[in-house]
Amino acid sequence: MDSGLQFQKPQGEQKALDLRYRRTNVIERRKFLGILGETALLAQLAPLKSLSAALENPRRSGAKETMHWPKTNGSPVLESLRYAIESSRDVRTNYDKLVEVASWMAYEELPMPEYALPFGLADGDPGVAIDFVMVADSIDTAFTDFAKHEKFQVDYAGQHWSDSEAEFACIKRALDNGVPFLDGHYLAKVTRPELNKVFEGNIEMPMLDEKLAVLHQVGKVLAEKYDGKFHKFIRACSPKLYDNGNGLVDRLVAEFPRFNDVSTLDGHEIKFFKLPQLGIWMLYATLHKRGKFRLEDPAKMTAFADYIVPVGLRVMGITGYSKELEHAINTYQLIPRDSRWEIEIRAHCLYATALLTDEINKLRPADRQIIIPQIDARFWLPFHTTAWPHHLTQTIMY
C-alpha cells in the first residue's frame, strides 16, 4: 500500500553488504509501511541454489521437528496461528535460515517510519486525516486487473500515481471537487456510476463492485453510530489495539464485518486482521509524534499479511513451498480465499516475521529493540517490485 509520502531518509549502511539500494521518495503499494532509506539489499540472494532445493522439497512440520514459537505479546493474531503452522502441508518456515538472516539483518538500521500523509493532510485537522486514512484503508484491496495484469493509474496534481497511491489521489481529487467522500452518509448510498467517476483512471478500478459493497457497509455503520465519521469511532475506542473488546482492532473487526479478516482451517479459527491493523498502524506512524493519535500497545502489531512479504521471505529462503504450490504461483493460477494454500502462506508470513523479530532483538541492545511492523517494512519495500511472482487471491481482505 502506498501514498505519495515524503520521507526523511536515514543514513546508514549494512556493513556485511557491498551492494547499496536506493529508493526514491515515492513508494508504490504499501504507502505507510516503511522507510528503509539507503540499505543494503541483495547479498541474501546468493544462496539461490539452496533456496531452489528447499522449494523443491520443503520439510514438513511434524512431531519429530522442534517447533520454535515467537513471543505473542498478547496478540490474538499470533496466538491463533499454532494449528495452521503445526499442520502445514505445503509451506514451511526454515528456522535455521531465519536465524542466519537475523545474524546480519540485526545490524541494519530498521528504522521506524517518519513520513507525512500525502497532500498535506497530516498538517491540518487530525479528524480529517483519520477519516481519510480509514476510508481509504477500508477499500485498500487489489489495484491490478487479475485478468490483464494491468495496474490502476491516474494523473492528479501534476503527478502520475499508480496502484494504491492512485486510490489516495482519486479520493483527494473527489474532495477537491466537493464530493463528501469521507462522510458515511454519502458512502452508504453512493452509486456505482458515482464511484466509477471518483475512481476515473486508465482502467476501471479493479474490484469496483466489491469496493462499492464495502463502502455501503462501512458507511451505514458510520452513519448510524458515529455521525458518519471514522474519527468519532476512533475516539470512542480505548487507545489500545486490544482491550477486552474495547480496543481499536477489537471494535473494528466487531463493528465492521469487512475488517473481520479471519479464516477457518479444519475447524480452527485463524486470525489475520491485515487491514484493521494496517489502518491503525498508519494513524500511529503518521500522527503519534504530533500528539494527534495515541496507541499504547503497538508491540502487539503483527506483519500485514498480503502478497508481497511472503515473496521476500521465500526469496531469502526463510520459507519454502511444495512443488505443487510453487507451480501454481509461478503459472499465475488463482488461489482461492480461505483455501489451505492461502491460509498457510499468510500464516507463515505472520509466524516467520514474528520469529525473525525475536531473533533480531536477541542481538540488539535494549535501546534498539524493534517491533514486527519494522520487519514487515524491511521485506515489503525492496520486494514489492520484484519479478518473482506472488500468489494471486481475489479478496477484499488485502
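## Nonpolar cores

The largest nonpolar core holds 116 residues, and Met105, Phe181, Phe199, Phe230, Ile280, Leu356 and Phe379 have the most contacts inside it. A nonpolar core is a set of buried Ala, Val, Leu, Ile, Met, Phe, Trp, Tyr and Cys residues joined through side-chain atoms within 4.5 Å; buried means under 20% relative accessible area (1.4 Å probe, protein chains only). Helix 15 (residues 340-363) gives the most to this core, with 10 residues. A second, separate core has six residues, among them Val91, Tyr321, Ile335 and Ile345.

Apart from neighbours within four places in sequence, Phe181 is in contact (heavy atoms within 4.5 Å) with Val135, Ile171, Leu175, Tyr186, Leu187, Leu195, Val198, Phe199 and Leu215.

## Basis of the model

The model is predicted: local features need pLDDT of at least 70 and side-chain atom pairs count only at pLDDT 80 or more, while totals for chains, interfaces and linings use all residues. Residues are numbered from 1 along each chain as its sequence is written, and side-chain values use heavy atoms, leaving out hydrogens and water.

## Helix 14

Helices (H or I, at least four residues) and strands (E, at least two) are DSSP runs, numbered from the N terminus. In helix 14 (residues 323-330), Leu325, Glu326, Ala328 and Ile329 are buried. These residues lie on the same side of helix 14 because they cover an arc of only 160 degrees around the axis, taken from the directions from the helix axis to the C-beta atoms. Tyr332, which follows helix 14, has a positive phi near 60 degrees.

## A hairpin

Strand 6 (residues 153-156) and strand 7 (residues 159-162) pair in the antiparallel sense over four bridges; pairing requires at least two bridges found by DSSP. Tyr156 stands opposite Gln159 in strand 7. The two strands form a hairpin with two residues between them, and Ala157 in the turn has a positive phi of about 55 degrees.

Definitions and conventions: Buried means under 20% relative accessible area, exposed over 50%, partly exposed in between (1.4 Å probe, protein chains only).
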